[in-house]
Amino acid sequence: MGLLRIMMPPKLQLLAVVAFAVAMLFLENQIQKLEESRSKLERAIARHEVREIEQRHTMDGPRQDAALDEEEDMVIIYNRVPKTASTSFTNIAYDLCAKNKYHVLHINTTKNNPVMSLQDQMRFVKNITSWKEMKPGFYHGHVSYLDFAKFGVKKKPIYINVVRDPIERLVSYYYFLRFGDDYRPGLRRRKQGDKKTFDECVAEGGSDCAPEKLWLQIPFFCGHSSECWNVGSRWAMDQAKYNLINEYFLVGVTEELEDFIMLLEAALPRFFRGATELYRTVGKKSHLRKTTEKKLPTKQTIAKLQQSDIWKMENEFYEFALEQFQFIRAHAVREKDGDLYILAQNFFYEKIYPKSN
């Protein structure tokens, strides 16, 4: 070979070197194309495997046909306590449902009884979980808390609620039963015609203003157990606190309703997108339901009610709920020039292993 290279003319040697170089470049190019084709094939196989896994997961899951994604399968229950601005808040949901594409359903119980029969509990749980045509859904009504887990439900609905200072709530309810409100002024109320003030009722020891009438927010959060409705039950209050912390997504207070709406919009935009602005521009004027002929109680009346152990327990529960709400709000917003603003996401992921190639 060396003898042949020596015997070849210089021009032919140059041409041979060039030809060899071109051949090597061609081979390298072909090898590179093969590598790219192999990589594409591997990615396609990987995507196919992922799709197969997802398909198996869907087929093995509890919903085999046209499964809804998480947001479209969401259900919110607002088991509203009477006279806590519940109508005002619910109207916000009604105003947004068409725009945000969800359903709003009112749970209307006979005589507004907050306790369901066992068979109605089962029917209600079945409706809520299997009524796909009404998902995503926002259910509201004067119904005490119902634990879906004890009925074998794996995905429970999201509970929210609003509480109010117990004496202010009772005073509002007292006058509401006699004079109604500006929401439906023509509707005849149960105690219509009774002109007695709340102060007069307390002074005379009337039944409609008795301390026992304060016992409402605790049993609404406690639930359907008999002890929940045993007036003055310490067990009921402890259970109500437990449910508030562990079973409710968010519980607001009437006195800070706008902040409650703001937090809901930030955390559940699927339902409450646009709620804060709507409440600020329209809701405060058109949605706030005002009880007619309401007269604020005197300090003497308030002091008399506050001597009751029932008030002390209801107030303890209210203060507990208020503390939780203010804690959540403090970690979700910032204040600037007197206004509150929702904080941006302040967590991220790092040190992710194993490293991808």
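Tutor: A charge sits over a ring if NZ of Lys or CZ of Arg is within 6 Å of the ring centre and within 35 degrees of the ring normal. Here, the charged end of K355 sits over the ring of Y353, at 4.9 Å from its centre. Likewise, R178 lies over the face of Y174, 3.7 Å from the ring centre.

Student: What should I know about the model and its numbering?

Tutor: This is a predicted model, in which local features need pLDDT of at least 70 and side-chain atom pairs count only at pLDDT 80 or more, while totals for chains, interfaces and linings use all residues. Residues are numbered from 1 along each chain as its sequence is written, and side-chain values use heavy atoms, leaving out hydrogens and water.

Student: How many aromatic pairs are there in the whole structure?

Tutor: A pair of aromatic rings is described by the distance of the centres and the angle of the planes. Rings of Phe, Tyr and Trp (its six-membered ring) pair if their centres lie within 6.5 Å; planes under 30 degrees apart are stacked, over 60 edge-to-face, and the rest tilted. A search of the whole structure gives 20 such pairs. One of them joins F89 and F138 edge-to-face, with 6.3 Å between centres and 65° between the planes. F89 belongs to helix 3 (residues 86-100) and F138 to strand 3 (residues 137-140), so this pair ties together parts 49 residues apart in sequence. Helices (H or I, at least four residues) and strands (E, at least two) are DSSP runs numbered from the N terminus.

Student: How much of helix 5 is buried?

Tutor: Helix 5 is mostly covered, with 11 of its 14 residues buried; among them are L170, V171, Y174 and R178. The cover includes helix 6 (198-204), helix 7 (217-222), helix 12 (299-306) and helix 13 (309-330).

Student: Which residues does V171 touch?

Tutor: Contact means heavy atoms within 4.5 Å. Leaving aside residues up to four places away in sequence, V171 touches F198, K294, K295 and P297. V171 lies in helix 5 (residues 166-179) and has a relative accessible area of 2%. V171 and P297 are 126 residues apart in sequence, yet 7.7 Å apart in space, C-alpha to C-alpha.

Note on methods:
Buried < 20%, exposed > 50% of the residue type's maximum accessible area, 1.4 Å probe, protein only.
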